[in-house]
Amino acid sequence: MWQFGWLWGRGLMITLYLTAIAVVFGTGLGLLLVAAAESRYWLLRALSRAYIDLFRAIPALVLLGTLYFCLPILFGVRLPPFQVAALGLTLNLAPFVAEVVRSAINSVPQIQYESALVFGFRGWRRDYYIIGPQVVERLLPPLVGQYITTLKLTSLAAAIGVEELWNVTSQITTLTSLPLETKLVAAGLYVFIVAPLLAGTYWLERRYGVKGLGEGRDR
Amino acid sequence: MTPLVLRRVTKQWPNGKFGLRDVSLEAMPSTLTAIIGHSGAGKTTLAKTVAGLIDVDSGELQREPGQPVMVFQEDSLWPHMTLLKNVSCPLHILKKASRAEAEHRAIALLEEWGLGSELQNYPAQLSGGQRQRGALARAWLMEPKILVLDEITSGLDPENTAAILKSILALKSTETILLMVTHQLNFARAIADQVIFMADGGRVIEKGTAKEVLEHPKDPRVARFIAAFDFSGSQQCE
C-alpha cells in the first residue's frame with residue numbers, strides 16, 4: 001500500500017486546500033452575517049437570522065448533495081465537484097462563525113462598556129482598546145473548534161467525487177484489498193493534521209484562561 | 001470652577017418604575033458628598049447619571065466640561081490588560097501623555113498604594129481589594145473634575161476598606177468633586193461635607209451636612225436606618 005504514498009499526499013493536500021477555502025470564505029460570510037444581524041434595517045436582520053437558522057439546520061452531507069445535484073437542474077450551473085464542496089462547506093461554516101462571533105460580543109459584560117465610557121473611550125477607541133480584544137479572546141477557542149469541524153467535514157466531499165483524503169483512501173483500499181490498514185492510515189492522517197489545531201486551542205485556552213476574562217476570581 | 005448642579009432631575013425606566021424622582025443636588029469642588037440609603041433607592045442610578053452613563057428624562061444637569069470618572073461596585077478593570085496597563089492606558093491614550101510618562105506615573109501611584117509587586121498581573125490574578133484599589137488608582141490618575149464612587153468598598157475586608165478610605169481622604173485635598181455612594185456611615189460622618197439620603201424609589205428624602213442628616217435626622221426612615229446601622233455596628237464590636 002505504501003507505493004500509493006503520492007496518492008495519499010495528493011488527497012491530503014486537497015483536504016487542506018478545501019479546508020482553507022471554506023475557512024476563509026466561511027469566516028468572511030459569517031462576519032457579514034453578524035454585521036447584517038446588528039444592522040439598523042430589519043430586512044437585513046431578518047435575512048441574516050433566516051440564513052443562520054436554515055443553514056444550521058441542514059446537515060453538511062445533505063447540503064453538498066443538494067448543491068451537487070440541484071444546481072444544474074435549477075440554475076443550469078454545473079460546477080466541478082471541488083467547487084461544489086468548497087461552496088457547500090463555506091455555506092455550512094458561515095452560520096456557525098456568525099453564532100460564535102455574536103455570542104462572544106454578547107458575553108462582554110455591560111460593566112466593560114460602562115467603564116470604557118466613563119474614562120472617555122468612545123467609538124473606535126472603545127472597540128479597539130477595550131471591547132475588541134475581549135471579544136477576540138472569547139472568540140478564538142470556539143472559532144478554531146469550528147475550523148476543526150470543517151476540516152473533518154471535508155471527508156463528506158468524497159460522496160460527490162472530490163478526490164480528498166477519504167476518497168483516495170477508498171481508491172487505495174480497492175487497489176490493495178487492505179481495508180483495515182488503509183482506513184487506519186487515513187484516521188492517522190486526520191489526527192496528524194488536526195493535532196496542531198487542537199494544540200492551538202489548548203494554547204489559546206491557557207493563554208486567555210490566566211486572564212480570566214473578567215470572571216473575577218479571588219486569589 | 002463650576003459646581004455640580006442637578007435640578008429636579010427625573011428618570012423613569014421603561015417598566016414604569018422611577019430611577020430618580022425630582023432629585024436636586026449641588027456639590028462644590030474639594031468636597032465629598034455621601035449618598036446613603038436603602039438598596040434599590042436609586043443611589044447607583046444617581047451615580048451613573050452624574051457620570052454621564054444615564055440620560056435623564058427631565059430636569060437640569062450642569063457640570064464642569066470634561067469627563068467625569070466613575071469607579072464601580074463590580075470589577076471594572078479591563079481583564080485583557082495588566083494592572084499597570086489598566087492604570088496607564090487611559091492616561092496615555094486619552095490624555096495624550098507619552099507611554100513612558102503614563103507608566104511612570106502609574107507605577108509611582110501603585111507603589112505608593114502597596115501594589116508595586118502586582119504591576120504585571122492581570123485582574124484575575126489580583127484579590128478583590130487589589131482590583132478595587134487598582135480601579136481607584138486608574139480613576140485618580142485621570143485627575144477628573146468629578147469622581148463618582150459607587151459602593152467601592154462593599155465586600156472588602158476591613159484592611160482593604162481602610163486603605164481605600166485613606167486614598168479617598170487624600171483625594172479630598174484636590175479640586176475634585178467627590179460623590180460617594182456608601183454604607184460606611186462612620187466614614188461619611190467624619191469626612192463628608194454633605195450627606196444625601198435616598199429612599200422611596202429615587203427620591204432624596206433628606207439632605208444636609210453630615211451632622212444634620214446622620215445625627216439629627218428629621219425623617220423617621222433615616223433615623224431607623226441609622227439606628228439599624230449603629231446596632232449592627234455595635235454587635236460587630238462585641
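This report describes the helices, strands and chain contact of a predicted model.

## Basis of the model

Local features are taken at pLDDT of at least 70 and side-chain atom pairs only at pLDDT 80 or more, while totals for chains, interfaces and linings use all residues. Residues are numbered from 1 along each chain as its sequence is written, and chains are lettered from A and ligands numbered from 1 in the order in which they are written.

## Chain A overall

Chain A has eight helices and zero strands; helices (H or I, at least four residues) and strands (E, at least two) are DSSP runs, numbered from the N terminus. The C-alpha atoms of chain A fill a box of roughly 70 × 50 × 25 Å along the principal axes.

Of the 219 residues in chain A, 31% are buried. A residue is buried if 20 or more other C-beta atoms lie within 10 Å of its own, exposed if 12 or fewer, and partly exposed in between, with C-beta atoms placed from the backbone. Among contacts in chain A with a separation of 6 or more, 75% join residues 24 or more positions apart; a contact needs C-beta atoms, placed from the backbone, within 7 Å.

## Helix pair in chain A

Helix α2 (residues 42-57) and helix α4 (residues 81-106) of chain A have axes that come within 9 Å and cross at roughly 120°. Axes are lines fitted to C-alpha atoms, for helices over the stretch in contact, and angles run from 0 to 180 degrees between N-to-C directions. α2(A) and α4(A) are therefore oblique to each other; angles under 35 degrees count as roughly parallel, over 145 as roughly antiparallel, 65 to 115 as roughly perpendicular and the rest as oblique.

From α2(A) the contact takes A:Tyr51, A:Ile52, A:Phe55 and A:Arg56, and the residues from α4(A) include A:Leu91, A:Phe96 and A:Glu99. By class, the contact of α2(A) with α4(A) has eight nonpolar, one polar and two charged residues. Ala, Val, Leu, Ile, Met, Phe, Trp, Tyr, Cys and Pro count as nonpolar, Asp, Glu, Lys and Arg as charged, and the others, Gly among them, as polar.

## Strands of chain B

Six strands of chain B form an open sheet in the order β5-β6-β7-β3-β8-β9, with mixed pairing; two strands pair if DSSP finds at least two bridges between them. β5 (69-71) and β9 (203-208) of chain B are at the edges with a single partner strand each, so one side of each has no neighbour in the sheet. From one strand to the next the twist averages 20°. β5(B) runs parallel to β6 (residues 146-150) of chain B, joined by three bridges, and B:Val69 has B:Leu147 as its bridge partner in β6(B).

Strand β1 (residues 4-12) of chain B pairs with β4(B) in the antiparallel sense over four bridges, with B:Leu6 opposite B:Leu61 in β4(B).

## Helix pair and interface of chain B

Helix α2 (residues 83-93) and helix α4 (residues 128-141) of chain B pack at about 20°, with axes 8 Å apart. α2(B) and α4(B) are therefore roughly parallel to each other. The residues of their contact include B:Val87 of α2(B) and B:Ala137 of α4(B).

The contact between the chains takes 25 residues from chain B and 24 residues from chain A. On the side of chain B that touches chain A, β5, α2 and α4 of chain B each supply at least two residues, and α2(B) gives the most, with three residues. That side of chain B divides into 16 nonpolar, six polar and three charged residues.

Definitions and conventions
Contact = placed C-beta atoms within 7 Å.
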